[in-house]
Structures are given as C-alpha cells and as structure tokens.
Amino acid sequence: SQRHLEQLGTIRDHHIEHLMLIDPDLVLAEALGLPTFELSDRLWYRRLTLLAHDGIIERAFYPVSTAANNPGQVLTWLQLHG
C-alpha cells in the first residue's frame, strides 16, 4: 500500500530481495478481498504471499506469521506442486 518512493526506502532498509506490490490505493485488496489493517489513519496490506502463473493466482499463503519462514513454505509448496 506504499507509494513507489516510500516502498523503495522500505526495500532498501529491510534488505528485501523479492518483488512487492505497489498499490497505494489498495485496488487489488478491494477486488480480491485481501486482508488489510489500519495504522496511523492509513490502510496497509497484511503480510501475505500470492503465487501466480499466467495471470491466475495458484496459491495464497495467509497468514504469514514470520517473514523468515515463508520462503521455505513457498519453496516446499512449489516442489510438491510445481
């Protein structure tokens, strides 16, 4: 839900190496009913991972309790269903 420049700062500060959605107006959240939360009078996406192939969401990982464990969960799913 961050604007582009704000997100670049977050990616740099947290050493994030994966793509993140840029959707400050939460259009995708509204269209898909994705989970959000409010903080400081602003809506944010809850942490989730969507796996898409050819424009179709194949799998959603939610809730993501810890960012450190999620890549392993995704890799395991891909190995079993890839």
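The dialogue below treats this predicted model.

Q: Which secondary structure elements does the protein chain contain, and in what pattern along the sequence?

A: One begins by listing the elements and then reads their order. The protein chain has 3 helices and 4 strands, and along the sequence they follow the pattern α-α-β-β-β-β-α. The C-alpha trace spans about 40 × 30 × 25 Å along its principal axes.

Q: How do strands S1 and S2 pair, and which residue is the bridge partner of leucine 39?

A: For a strand pair, one notes the direction, the number of bridges and the partners. Strand S1 (residues 36-39) and strand S2 (residues 42-45) run antiparallel and are joined by 4 bridges. Leucine 39 has arginine 42 in S2 as its bridge partner.

Q: What is to be noted in the loop between S1 and S2, and are serine 40 and aspartate 41 buried or exposed?

A: The hairpin of S1 and S2 has 2 residues between the strands. Serine 40 has a positive phi of about 55° although it is not a glycine, and aspartate 41, also not a glycine, has a positive phi of about 60°. Serine 40 counts as exposed because its relative accessibility is 67%; aspartate 41 counts as exposed because its value is 74%.

Q: How do strands S3 and S4 pair, and what stands opposite leucine 51?

A: Strand S3 (residues 49-53) pairs with strand S4 (residues 56-61) in the antiparallel sense over 5 bridges. Leucine 51 stands opposite arginine 59 in S4. In the hairpin of S3 and S4, with 2 residues between the strands, aspartate 54 takes a positive phi near 55°.

Q: Which residues form the largest nonpolar core?

A: In soluble globular proteins, nonpolar side chains tend to be buried together. In this model, the largest nonpolar core has 5 residues, namely Leu51, Phe61, Val64, Val74 and Trp77. Apart from residues up to four places away in sequence, valine 74 touches Thr49, Leu51 and Phe61.

Q: Where does asparagine 70 lie, and is asparagine 70 buried or exposed?

A: Position, accessibility and contacts are considered together. Asparagine 70 lies in helix H3 (residues 70-81). Asparagine 70 is buried, because its relative accessible area of 7% falls under the 20% limit. Residues up to four places away in sequence aside, asparagine 70 touches Thr49, Phe61 and Val64.

Q: How is leucine 28 classed, and what is leucine 28 in contact with?

A: Leucine 28 lies in helix H2 (residues 27-32) and counts as partly exposed, because its relative accessibility is 29%. Leaving aside neighbours within four places in sequence, leucine 28 is in contact with Leu21, Asp23, Gly33, Leu34 and Tyr45. The C-alpha atoms of leucine 28 and asparagine 70 are separated by 21 Å.

Q: What kind of peptide bond joins tyrosine 62 and proline 63?

A: The omega angle settles the matter. The bond between tyrosine 62 and proline 63 is cis, with omega about 0°, and proline 63 lies in the loop between S4 and H3.

Technical notes:
Residues numbered from 1 in each chain as written. Predicted model: local features only at pLDDT ≥ 70, side-chain atom pairs only at ≥ 80, totals over all residues. Heavy atoms only, no water. Pairing = 2+ DSSP bridges. Buried < 20%, exposed > 50% of the residue type's maximum accessible area, 1.4 Å probe, protein only. Contact = heavy atoms within 4.5 Å. Core = buried A, V, L, I, M, F, W, Y, C linked by side-chain atoms within 4.5 Å.
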